[in-house]
Amino acid sequence: MLRKELQVFSFKDLLEYYPFRHVDKTKVDKIASLSYNTEFAQVAGTLMSIELIGEKRSKRLVGQLKDDTGVMELVWFQGINWVQKILVPGQQYLVFGKPGFFMGKPQMAHPEIENYDPQKAGGKSFLEPVYPSTEKLKAKGLNGRAIGKFTFDLLNRLTEKEIPEILPASVVSQYKLISRYDAFRHIHFPASVQHHQHALRRLKFEEFFLAQLSIQLIKLGRQRFSKGLVFSKVGELFTGFYEKHLPFDLTGAQKKVIKEIRKDCGSGHQMNRLLQGDVGSGKTMVALLSMLLAADNGFQSVMMAPTEILAQQHFNSISELVKSLPVNVKLLTGSTKAKERKQVLAACEDGSLDILVGTHAVIEDTVQFKNLGFAVVDEQHKFGVAQRARLWKKNTSPPHILVMTATPIPRTLALTAYGDLDYSVIDELPPGRKPVNTVHRFENARPQVMDFIKEQLSMGSQAYVIYPLIEESSKLDYENLMKGFEEVKSFFPEPKYWISMVHGKQDPEQKETNMQRFVKGDTQIMVSTTVIEVGVNVPNATVMVIESAEKFGLSQLHQLRGRVGRGADQSYCILLTGRKLSNDARERLKIMTGTNDGFKIAEKDLELRGPGEMEGTRQSGALNFRLANLVQDKNMLEAARSAVESIIRTDPELALAENLPLKNYLQSQKSKTRWSKIA
Ligand code: ADP
Ligand code: MG
């Protein structure tokens with residue numbers, strides 16, 4: 001039962017089944033003292049009555065609990081049968097929960113409840129743990145309190161020898177941690193609030209420490225055991241391009257990252273680098289210079305983009321940049337025609353091709369390289385880990401891999417979710433960029449917004465109008481887009497204005513044609529769903545209107561806004577919403593209008609949504625912390641990380657006596673996960 005419902009399989013699991021809070025049994029609130037601000041309350045009183053009210057879906061069980069100051073209503077919508085069975089009118093109960101008010105009367109929905117004996121109460125002064133349980137378990141009498149009893153018995157039987165310390169003594173003393181044994185005792189049954197805090201701190205540290213240790217061991221293993229292709233020289237192509245064809249001076253950040261890449265690719269280890277740079281920070285140029293470096297050393301390169309539009313765009317701009325150099329660049333996507341495709345594949349195989357740009361078509365098995373040395377994955381979060389892994393197999397020694405993402409990832413998240421990668425940041429925008437002026441308007445201001453667009457177009461600019469597409473197949477969203485298109489058209493009639501429309505239901509050619517017309521300036525307005533979210537580069541566009549902006553997440557809004565502000569002119573982003581906004585939506589709008597800094601936005605996004613929801617990290621097991629929290633415990637993560645680093649620096653094999661318990665623990669955990677994989 002415990003096993004199925006709560007995933008509790010062993011003693012260890014039971015010990016790690018932590019209470020979500022503790023109650024102080026000595027403290028009882030009076031009903032009259034409850035207010036709208038009361039977070040949680042514990043009330044003792046007599047159950048006056050209990051009755052079933054309503055029919056079918058609105059069926060609920062309502063009880064009246066009375067103490068010497070007033071009456072509170074108790075309500076259950078679920079588990080009614082079970083509650084009805086155990087509660088007896090006239091008896092005294094102790095209830096705990098979050099109080100609310102219904103028509104001015106205090107009320108508590110689904111309170112925790114137990115029998116109350118005023119004689120006994122007051123004697124217990126320790127903090128009693130409260131465990132999460134499920135309705136099913138409760139039906140079998142296994143509520144949170146029963147779980148607590150199991151745990152209590154278990155802890156009484158286990159000695160310090162059975163819960164040995166696993167962290168090295170030096171770490172325990174340096175970070176002033178309590179022992180593992182004490183921590184498990186106090187996390188469940190603390191003698192005081194302070195004891196509980198010490199236990200919490202110790203166990204959170206341990207979670208971060210173990211996660212960092214396994215990540216850093218993986219990284220170490222890769223660095224030590226994978227042989228990397230060596231790019232030993234900087235040749236004609238790189239220097240020639242750098243000196244004669246570079247259209248602008250590189251920013252300091254771009255130079256720094258190129259240096260890091262050059263160093264890695266010459267080291268004899270395989271590079272596996274995550275490059276983060278806000279939208280418009282100039283990642284493409286870094287990729288191109290790296291690929292030229294590869295070509296200088298006789299290696300081919302591949303650059304993979306998540307959409308046809310992006311692949312096409314990269315191909316166009318790279319071809320243009322290197323057109324006077326002896327570099328052979330080709331494009332391969334799902335819509336490449338058979339004849340062209342054959343030629344491209346042949347050029348990959350015979351080595352005459354230097355740079356292949358494309359969509360995930362480039363990782364298909366039919367694509368064979370003579371000597372692939374460098375792979376760039378653009379806008380990384382659109383690709384899964386498995387797809388990336390296929391790149392590794394394209395050469396007998398895996399190529400160096402540069403993963404580029406414009407979704408800034410908060411450092412804490414990067415350290416955990418991507419901690420095994422090398423990591424570079426372009427933290428500087430090209431000079432002369434003006435922050436995008438961002439405002440929030442309600443939908444009834446659309447005519448004024450359209451007038452504003454007109455004004456901008458009259459100065460030769462272009463504009464985007466974006467509609468949400470929650471699901472690629474959603475009919476409703478699609479209809480909204482069409483309606484929006486007609487509406488925009490009514491404001492901007494042909495032939496004075498021309499409008500492009502791009503959405504997911506068009507075939508690639510149609511998309512490409514519409515896109516190209518906008519890129520070339522043949523159309524002034526681009527009406528689109530979020531297919532243009534990533535990467536598209538039209539520096540002449542200065543207005544971004546986002547319809548139903550309340551439906552977008554922060555990182556998506558930031559990505560979309562990044563499509564403007566790419567040229568020298570002042571750009572604008574207008575977030576249109578309905579009147580009704582959730583608190584979260586309001587907060588997102590506030591953040592967007594308040595800052596252009598992608599990293600700040602990412603931090604906020606992490607705070608609002610939690611790590612599990614962040615893009616690109618969903619499959620990452622590294623984020624499954626029970627106690628630790630990447631937002632609140634940031635500093636502890638840094639501490640755990642530096643503790644791990646210093647251990648790995650001095651004892652990478654964990655062979656020293658002081659590190660042996662740790663090594664043994666890791667091994668025991670490993671064999672356990674293998675078991676669960678087989679099962
Ligand atoms: P992203 O990092 O979002 O992929 P891009 O590589 O598309 O950014 O670059 C955005 C724009 O900035 C492009 O038009 C590019 O030519 C330009 N750019 C890149 N680096 C510089 C630089 N150092 N100075 C001026 N403009 C630059
Ligand atoms: Mg880009």
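## Briefing on a predicted model with one ligand site and several local features

Pro495 has its place in the loop between α17 (475-491) and β19 (499-502), and the peptide bond that leads from Glu494 to Pro495 is cis, with omega near 5°. The structure is a predicted model, and the points below should be read with that in mind. Elsewhere, ligand 1 sits in the second largest pocket, and 16 residues surround ligand 1.

**The site of ligand 1**

- Among the 16 residues that surround ligand 1, the closest are Asp249, Gly280, Lys283, Thr284 and Arg433.
- The shell around ligand 1 is made up of four nonpolar, seven polar and five charged residues.
- A nitrogen atom of ligand 1 lies 2.8 Å from a backbone N or O atom of Asp249, while an oxygen atom of ligand 1 is 2.6 Å from an N or O atom in the side chain of Thr284.
- In the side chain of Arg433, an N or O atom is 2.7 Å from an oxygen atom of ligand 1.
- Ligand 1 exposes 570 Å² when taken alone, and the protein buries 83% of that area.
- Phe248 is found in the loop between α9 (236-245) and α10 (252-266), where Phe248 is partly exposed, with a relative accessible area of 42%.
- The C-alpha atoms of Phe248 and Pro430 are separated by 9.3 Å, although the two residues are 182 residues apart along the chain.

**Backbone features in loops**

- Most residues other than glycine have a negative phi, and most peptide bonds are trans.
- Ser548, in the loop between β21 (541-546) and α19 (554-561), has a phi near 50°, which is a positive value in a residue other than glycine.
- Ser548 has a relative accessible area of 15%, and because buried means under 20% relative accessible area, Ser548 counts as buried.
- Leu654 also has a positive phi, near 55°, and is found in the loop between α22 (634-650) and α23 (660-678).
- With a relative accessibility of 4%, Leu654 counts as buried.

**A buried serine and its partner**

- Ser461 is found in the loop between α16 (446-458) and β18 (462-466), and Ser461 is buried, with a relative accessible area of 6%.
- The side chains of Ser461 and Thr542 are joined by a polar contact of 3.1 Å.

- Helix α7 (residues 180-188) is largely enclosed by the rest of the structure, because seven of its nine residues are buried.
- The buried residues of α7 are Arg180, Tyr181, Ala183, Phe184, His186, Ile187 and His188.
- Tyr181, one of these buried residues, is 19 residues from Glu162 in sequence and 8.5 Å from Glu162 in space, C-alpha to C-alpha.
- Glu162 itself is found in the loop between α5 (144-157) and α6 (169-174), and a polar atom of the Glu162 side chain lies 2.8 Å from the backbone nitrogen of Thr159.

**Further residue pairs along the chain**

- Val23 is found in strand β1 (residues 21-24), and at 5% relative accessibility Val23 counts as buried.
- The C-alpha atoms of Val23 and Gln42, which are 19 residues apart along the chain, are separated by 8.6 Å.
- Arg609 lies in helix α21 (residues 598-609), and at 34% relative accessibility Arg609 counts as partly exposed.
- Between the C-alpha atoms of Arg609 and Asp584 the separation is 9.5 Å, with the two residues 25 residues apart along the chain.

Definitions and conventions:
Residues numbered from 1 in each chain as written. Chains lettered and ligands numbered in written order. Predicted model: local features only at pLDDT ≥ 70, side-chain atom pairs only at ≥ 80, totals over all residues. Heavy atoms only, no water. Near = heavy atom within 4 Å. Polar contact = N/O pair within 3.5 Å; in protein donor to acceptor, adjacent residues only side chain to side chain. Areas by Shrake-Rupley, 256 points an atom, 1.4 Å probe, with all protein chains shown as cover. 1 Å grid on protein atoms, 1.4 Å probe; cavity = no way out; pocket = protein on both sides within 12 Å on 5 of 7 lines; lining within 4 Å. Sits in = over half its atoms within 2 Å of the grid points. Nonpolar A, V, L, I, M, F, W, Y, C, P; charged D, E, K, R; others polar. Buried < 20%, exposed > 50% of the residue type's maximum accessible area, 1.4 Å probe, protein only. Helix = DSSP H or I, 4+ residues; strand = E, 2+ residues; numbered from the N terminus.
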